[in-house]
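This briefing covers the sheet, the helices, the nonpolar core and the charged pairs of one protein model. The sequence and structure come first.

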Amino acid sequence: MVVPPPARPPSVTKFLKPYVLKMHFTNKFVSAQVIHTPTATVASSASSQEKALRGSMESTRDVAAAAKIGKLLAERLLLKNIPAVAVHLKREQKYHGKVKAVVDSVKDAGVKLL
């Protein structure tokens, strides 16, 4: 006779932040995406590699480009009814420069930070 395992509460997913903002910077481009942690899918993203944005930007890698990416990402989040995100910084990322530009422009556009 096989005994089923005891019923367990939902695993770690109830303790995770539902939406997490992650940023990636290269020598040429800036990209940011918001990930829905329970399903591990991308809820929304913005990048300076997009053809529609390249024409309107002077540079695709500086602080001004990072601020524009943050504003665009915030607009896309609000269209999808995502009111708040948590910010995830990599170990080498500090709240300075491009990272600060992305986070501040997301916050200024109306998305709350957790």
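Strands β2 and β3 form a hairpin with 4 residues between them, and A40 in the turn has a positive phi of about 55°. Two strands count as paired if DSSP finds at least two bridges between them. Helices (H or I, at least four residues) and strands (E, at least two) are DSSP runs, numbered from the N terminus. The model is predicted: local features need pLDDT of at least 70 and side-chain atom pairs count only at pLDDT 80 or more, while totals for chains, interfaces and linings use all residues. Residues are numbered from 1 along each chain as its sequence is written, and side-chain values use heavy atoms, with hydrogens and water left out.

**Sheet**

- H36 has T41 in β3 as its bridge partner, and A32 stands opposite A46 in β3.
- An open sheet of 5 strands has the order β3-β2-β1-β4-β5, with mixed pairing.
- Its edge strands, β3 (41–47) and β5 (112–113), each pair on one side only.

**Helices on the sheet**

- Helix α2 (residues 63–79) packs on the sheet and touches β1 (19–25), β2, β3 and β4 (84–88), where contact means heavy atoms within 4.5 Å.
- The direction of α2 makes about 140° with that of β3; axes are lines fitted to C-alpha atoms, for helices over the stretch in contact, and angles run from 0 to 180 degrees between N-to-C directions.
- Helix α3 lies across β1, β2, β4 and β5 and runs at about 145° to β1.
- The buried residues of α3 are V99, A101, V102, V103, D104, S105 and V106; buried means under 20% relative accessible area, exposed over 50%, and partly exposed in between (1.4 Å probe, protein chains only).
- The cover over these buried residues of α3 includes β1, β2, α2, β4 and β5.
- After α3 comes G110, with a positive phi near 115°.

**Nonpolar core**

- A nonpolar core is a set of buried Ala, Val, Leu, Ile, Met, Phe, Trp, Tyr and Cys residues joined through side-chain atoms within 4.5 Å.
- The largest one has 24 residues, and those with the most contacts inside it are L21, A32, V34, I69, L73, L77 and V85.
- Elements giving two or more residues to this core are β1, β2, β3, α2 and α3, and the largest share, 7 residues, comes from α2.
- Leaving aside residues up to four places away in sequence, L21 touches A32, Q33, V34, L73, V85, A86, V87, H88 and V103.

**Charged and polar pairs**

- Side chains of opposite charge can pair when their charged atoms come close.
- A salt bridge is a side-chain nitrogen of Lys or Arg within 4 Å of a carboxyl oxygen of Asp or Glu, and the count by this rule comes to 3.
- E50 and R76 form a salt bridge with their closest N and O atoms 3.0 Å apart.
- E50 lies in the loop between β3 and α1 (51–54) and R76 in helix α2, so the pair ties together parts that are 26 residues apart in sequence.
- E50 is partly exposed at 23% relative accessibility, and R76 is partly exposed at 28%.
- D104, in helix α3 (residues 98–108), is buried with a relative accessible area of 17%.
- The side chain of D104 meets that of K100 in a salt bridge (3.3 Å, N to O); D104 and K100 are separated by about one helical turn because they are 4 residues apart in helix α3.
- D104 also meets K107 in a salt bridge (4.0 Å, N to O), and these two lie 3 residues apart in α3, about one turn of the helix.
- Salt bridges with shared partners join K100, D104 and K107 into one network.
- An α-helix has 3.6 residues a turn, so residues three or four places apart point the same way.
- K100 counts as partly exposed at 36% relative accessibility, and K107 does so at 43%.
- The side chains of D104 and Y95 are joined by a polar contact of 2.5 Å; such a contact is a pair of N or O atoms within 3.5 Å, where within protein one must be able to donate a hydrogen and the other to accept it, and residues adjacent in sequence count only if both atoms are side-chain atoms.
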